[in-house]
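The sequence and structure are shown first.

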Amino acid sequence: KIEMFQEGAGQQGGYAGNDISGKNLVLIADGEADCRKALCHALCEAYRVGEAANAKEVFDFIDNEIPDLIILGTRINDKMDGFGLMEQLRMDSIWRDIPVVFLTDRDDSEAELQALKLGAADFITKPVAGTVALHRIKNILELCHLSSNMEAQVEEAARVFGERSEAAENLTSQIIETLAGTIDAGDKYMKDHSFRVAKLAREIG
């Protein structure tokens with residue numbers, strides 16, 4: 001049985017504690033135990049949190065319950081690195097839509113770009129400050145929810161009008177950027193980060 005993470009539980013590769021109805025589930029997958037512990041402690045008040053140290057533990061976890069978001073380190077304790085694990089997730093029809101946020105080293109622009117090319121929703125640089133991580137994950141989940149709703153509306157419009165026009169796609173992109181800017185403006189921890197992510201996403205097509 002997989003359990004939920006809770007303060008002092010000391011569980012690795014799973015959950016600890018009771019299910020908390022109504023809270024998003026976040027999986028933290030990273031090879032550094034200290035990093036996982038710090039993120040778990042920062043997020044466990046607001047979210048249901050699980051942790052995994054390697055690819056096997058990630059797949060065991062998501063086989064049991066699909067998280068609302070995965071925080072994925074580039075280095076995990078396995079033959080497969082974080083990028084390889086991300087590719088595996090994107091090949092599966094059930095897991096491919098799970099938002100993934102990469103943990104990258106400070107000023108590692110190549111890792112950030114590779115993460116976005118693989119379809120990551122965002123990236124967070126190490127060392128991660130708990131308060132910053134909490135606000136960032138909150139905003140990412142909100143933006144993913146808004147984006148998902150918007151895509152559904154565009155698809156419905158395409159069904160009605162017979163095609164998904166380039167104009168509709170451009171409008172969706174512009175609205176998402178506007179929403180990102182609104183989130184940034186209201187949160188001192190985001191600053192211009194969302195615009196930076198949107199810019200990188202446009203550059204990789």
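## Basis of the description

Two strands are said to pair if DSSP finds at least two bridges between them. Helices (H or I, at least four residues) and strands (E, at least two) are themselves DSSP runs, numbered from the N terminus.

The model is predicted: local features need pLDDT of at least 70, side-chain atom pairs count only at pLDDT 80 or more, and totals for chains, interfaces and linings use all residues. Residues are numbered from 1 along each chain as its sequence is written, and side-chain values use heavy atoms, with hydrogens and water left out.

## The sheet

Five strands form an open sheet in the order S2-S1-S3-S4-S5, with parallel pairing. S2 and S5 stand at the edges with a single partner strand each, so one side of each has no neighbour in the sheet. From one strand to the next, the twist averages 20 degrees; axes are lines fitted to C-alpha atoms, for helices over the stretch in contact, and angles run from 0 to 180 degrees between N-to-C directions.

Strand S3 (residues 69–73) pairs in the parallel sense with strand S1 (residues 25–29) over four bridges, where alanine 29 has leucine 72 of S3 as its bridge partner. S3 also pairs in the parallel sense with strand S4 (residues 100–105), again over four bridges, and isoleucine 70 has valine 100 of S4 as its bridge partner.

## Burial of strand S3

How many residues of strand S3 are buried? Five of the five are, so the strand is largely enclosed by the rest of the structure. Buried means under 20% relative accessible area, exposed over 50%, and partly exposed in between (1.4 Å probe, protein chains only). Leu69, Ile71 and Gly73 point one way from S3, Ile70 and Leu72 point the other way, and all are buried.

Helix H2 (residues 55–64) lies across S1, S2 and S3 and runs at about 165 degrees to S1. Helix H3 (82–91) lies across S3 and S4, at about 170 degrees to S4. Contact here means heavy atoms within 4.5 Å.

## Aromatic pairs

Rings of Phe, Tyr and Trp (its six-membered ring) pair if their centres lie within 6.5 Å; planes under 30 degrees apart count as stacked, over 60 as edge-to-face and the rest as tilted. By this rule there are two aromatic pairs. The rings of phenylalanine 59 and tryptophan 95 are stacked, because their centres are 5.5 Å apart and their planes at 25 degrees. This pair links distant parts of the chain, 36 residues apart: phenylalanine 59 belongs to helix H2, and tryptophan 95 to the loop between H3 and S4. Phenylalanine 59 is buried at a relative accessible area of 18%, and tryptophan 95 is buried at 13%.

Phenylalanine 83 and phenylalanine 102 are also stacked, at 5.1 Å centre to centre with 25 degrees between the planes. They link helix H3 to strand S4 across 19 residues. Phenylalanine 83 is buried at 11%, and phenylalanine 102 is buried at 0%.

Arginine 48, in strand S2 (residues 48–52), counts as buried because its relative accessibility is 9%. Its side chain makes a polar contact with the side chain of glutamate 65 (2.8 Å). A polar contact is a pair of N or O atoms within 3.5 Å; within protein, one must be able to donate a hydrogen and the other to accept it, and residues adjacent in sequence count only if both atoms are side-chain atoms.

Most peptide bonds are trans. The bond from lysine 126 to proline 127 is cis, with omega near -10 degrees. Proline 127 is found in the loop between strand S5 (122–126) and helix H5 (130–161).
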